[in-house]
Amino acid sequence: MMDQPLASRTNPTPLIDAVQLNADIEATARFGGTGNGGVSRLTLTPEDKAVRDWFVARCIELGCRVDVDPIGNLFASYPGRNAALPVIMTGSHLDTQPGGGRYDGVLGVLAGLAALRALRSSGIVTEHPLTVVNWTNEEGSRFSPAMFGSGVHAGAIALDEALAVRDRAGISVGEALDAIGYRGSQACRQTPAAYVELHIEQGPVLEAEGTAIGAVTGVQGLRWFDVVIEGTESHAGSTPMANRRDALTAAARLILAVEAIGRAHAPGVLTVGHAGIFPNSRNVVPGRVNLQIDMRHPSQTGLDAMETALRQAVAGQADSRIERIWAKQPVAFDPACIEAVRQAAADCRLSCRDIASGAGHDAAHLAALAPTAMIFIPSRDGLSHNEREYSSPRQCADGAEVLLRTLLELDRRLA
């Protein structure tokens with residue numbers, strides 16, 4: 001077929017085959033399908049091998065070269081006009097949470113596949129080669145930390161360290177890769193010209209506003225804290241209320257303070273996700289409570305302000321202490337890539353708004369390596385990591401269309 005020019009911006013005729021994209025979503029949902037519409041496909045399991053095999057076969061059908069690196073990342077490369085140019089990359093992940101959904105991560109990989117299929121059928125030839133990638137272990141539900149496939153690729157996590165991680169059964173990442181035949185022998189050290197990832201929002205904002213597309217400006221920073229509140233264990237029947245040092249009532253006051261701090265520092269969020277009560281007996285006044293707290297905000301300034309307020313709230317409770325145990329800095333995406341997403345949405349005549357990601361994504365690692373952006377589509381009821389996770393076929397196709405046109409716009413700008 002002769003090379004064809006990119007469709008005019010005044011002609012928003014879709015290039016993505018929406019029917020085929022939905023069929024691919026249905027096909028991949030069978031690998032680890034739960035019977036309730038969800039998917040349980042933990043990384044490097046037989047179910048993950050099956051969906052990887054399916055993906056590799058589809059990419060080879062399109063004429064891609066498929067490479068596998070030592071951590072199991074899959075790179076499907078589609079030729080452009082100028083092989084000397086660095087690739088433009090897109091993708092996400094095919095692994096899921098246990099009892100997860102069929103869209104989280106999967107959509108980004110399948111939309112990349114749909115984009116290549118659209119280029120082939122329309123005769124459009126890009127200047128840059130394009131690569132669709134499936135990152136290993138984005139979810140982190142079997143091996144910790146999450147996102148170590150993209151982390152190894154970006155140089156944020158050492159390969160040997162990642163390969164040595166073991167799951168609860170004592171199986172290492174290296175052993176699991178060997179078991180499914182997806183440990184590559186050579187690193188695929190592609191430094192892309194740009195990286196764009198399509199994902200469901202996993203939150204309620206776009207649906208609530210009736211907005212079709214989110215142009216993701218970055219990923220929120222994250223801090224985790226452990227808090228210990230000490231009291232005195234005593235008999236629930238014989239200790240007068242006025243004489244009690246009840247650690248749980250102090251914890252309850254602190255939990256309410258955490259809620260207030262989160263609301264006062266929007267768009268930041270603050271969550272008490274776990275509470276351990278000791279001795280946890282019906283007839284004993286609690287003598288100690290351990291709290292695990294998750295703090296997120298899109299800016300460093302916001303995180304600092306929230307942490308200051310949290311530490312003050314903890315200090316206000318007698319015999320309490322707080323420790324920050326982990327932190328991840330906010331990630332800001334590339335302004336030019338974000339603008340390309342906005343322009344692509346406008347070309348498709350789809351409503352679009354800027355939005356920050358509350359969840360972590362592989363794009364956060366890629367942003368340290370190359371100009372990066374993300375595209376969100378609405379999630380019904382804001383649900384994700386849930387069997388009822390859902391985005392409609394039309395929403396998925398709209399997202400894939402914006403992804404394709406973003407890739408084409410970046411190809412034009414970066415050539």
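**Close-up views of a predicted model**

View 1. Y103 counts as buried, because its relative accessibility is 5%, under the 20% cut-off. The model shown here, as in every view, is predicted. Y390 is partly exposed, at a relative accessible area of 28%.

**View 2. Four strands make an open sheet.** The strand order is β9-β11-β7-β12, and the pairing is antiparallel. β9 (269-278) and β12 (320-328) stand at the edges. Each has a single partner strand, so one side of each lacks a neighbour in the sheet. From one strand to the next, the twist averages 15 degrees. Helix α8 (residues 247-264) packs on this sheet. The helix touches β7, β9 and β11 (288-297). Its direction makes about 5 degrees with that of β11.

**View 3. Strands β7 and β12 pair side by side in the sheet.** β7 covers residues 221-230. Its antiparallel pairing with β12 runs over eight bridges. Within this pairing, F225 of the chain stands opposite R324 in β12.

**View 4. W224 and W326 form a tilted aromatic pair.** The ring centres lie 4.8 Å apart, and the planes make 55 degrees. W224 belongs to strand β7 and W326 to strand β12, so the pair ties together parts 102 residues apart in sequence. Both tryptophans are partly exposed: W224 has a relative accessible area of 35%, and W326 has 38% relative accessibility.

View 5. The structure as a whole holds four aromatic pairs.

**View 6. Two arginines sit over aromatic rings.** R52 lies over the face of Y182, at 5.2 Å from the ring centre. R288 places its charged end over the ring of F278, 4.1 Å from the centre of that ring. F278 falls within β9 (269-278), and R288 falls within β11 (288-297).

Methods
Residues are numbered from 1 along each chain as its sequence is written. This is a predicted model: local features need pLDDT of at least 70, side-chain atom pairs count only at pLDDT 80 or more; totals for chains, interfaces and linings use all residues. Side-chain values use heavy atoms; hydrogens and water are left out. Two strands pair if DSSP finds at least two bridges between them. Helices (H or I, at least four residues) and strands (E, at least two) are DSSP runs, numbered from the N terminus. Axes are lines fitted to C-alpha atoms, for helices over the stretch in contact, and angles run from 0 to 180 degrees between N-to-C directions. Contact means heavy atoms within 4.5 Å. Rings of Phe, Tyr and Trp (its six-membered ring) pair if their centres lie within 6.5 Å; planes under 30 degrees apart count as stacked, over 60 as edge-to-face and the rest as tilted. Buried means under 20% relative accessible area, exposed over 50%, partly exposed in between (1.4 Å probe, protein chains only). A charge sits over a ring if NZ of Lys or CZ of Arg is within 6 Å of the ring centre and within 35 degrees of the ring normal.
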